[in-house]
Amino acid sequence: QVQLVESGGGLVHPGGSLRLSCQASGCIFFLNAMGWFRQAPGKERELVASIPSGGSTNYGDSAKGRFTISRDNAKNAAYLQMNSLKPEDTAVYYCNVKAKVTSWTGTRDYWGQGTQVTVSS
């Protein structure tokens, strides 16, 4: 139905930057919100940032002022620019989209496989 592929994770030093990408493909009628969540070991998955098809972005407290989410509707892609990274940002980052695959089906959530971000000196 809808496949999501994340890329851009890796190892970075504290204070560094990374840019995550999420590419959606498959049977897509409409992509509503696109977003990023993260999950650190032993912790619950949390919202990092989300961006609707139109309207303002939304950030989790940990991302405000450091991360920027954007999307390219023509490419069905979303991006997360992460600056001033801290060790506590270490987690698996998951792309999430809310999408309709046909005009008559409801909106449902789709998740990517995740990409590891490690912030360490």
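A: Two strands count as paired if DSSP finds at least two bridges between them, and in this predicted model strand 4 (residues 30-39) and strand 9 run antiparallel and are joined by eight bridges.

Q: Which residue of strand 9 is the bridge partner of L31?

A: The partner of L31 is A99.

Q: Which other strands are joined to strand 9, and by how many bridges?

A: Strand 10 (residues 108-111) runs antiparallel to strand 9 and is joined to it by four bridges, with N96 standing opposite W111. Strand 11 (residues 115-119) is also antiparallel to strand 9, through three bridges, and there A91 stands opposite V117.

Q: How should I read a disulfide, and which cysteines form one here?

A: A disulfide is a covalent bond between the sulfur atoms of two cysteines. In this model C22 and C95 form one, with their sulfur atoms 2.0 Å apart, and the pair links distant parts of the chain, since C22 lies in strand 3 (residues 18-26) and C95 in strand 9, 73 residues apart. The link of C22 and C95 is left-handed, with -80° about the S-S bond, and both C22 and C95 are buried.

How values were computed: Residues are numbered from 1 along each chain as its sequence is written. This is a predicted model: local features need pLDDT of at least 70, side-chain atom pairs count only at pLDDT 80 or more; totals for chains, interfaces and linings use all residues. Side-chain values use heavy atoms; hydrogens and water are left out. Helices (H or I, at least four residues) and strands (E, at least two) are DSSP runs, numbered from the N terminus. A disulfide is a pair of cysteine sulfur atoms within 2.5 Å. Buried means under 20% relative accessible area, exposed over 50%, partly exposed in between (1.4 Å probe, protein chains only).
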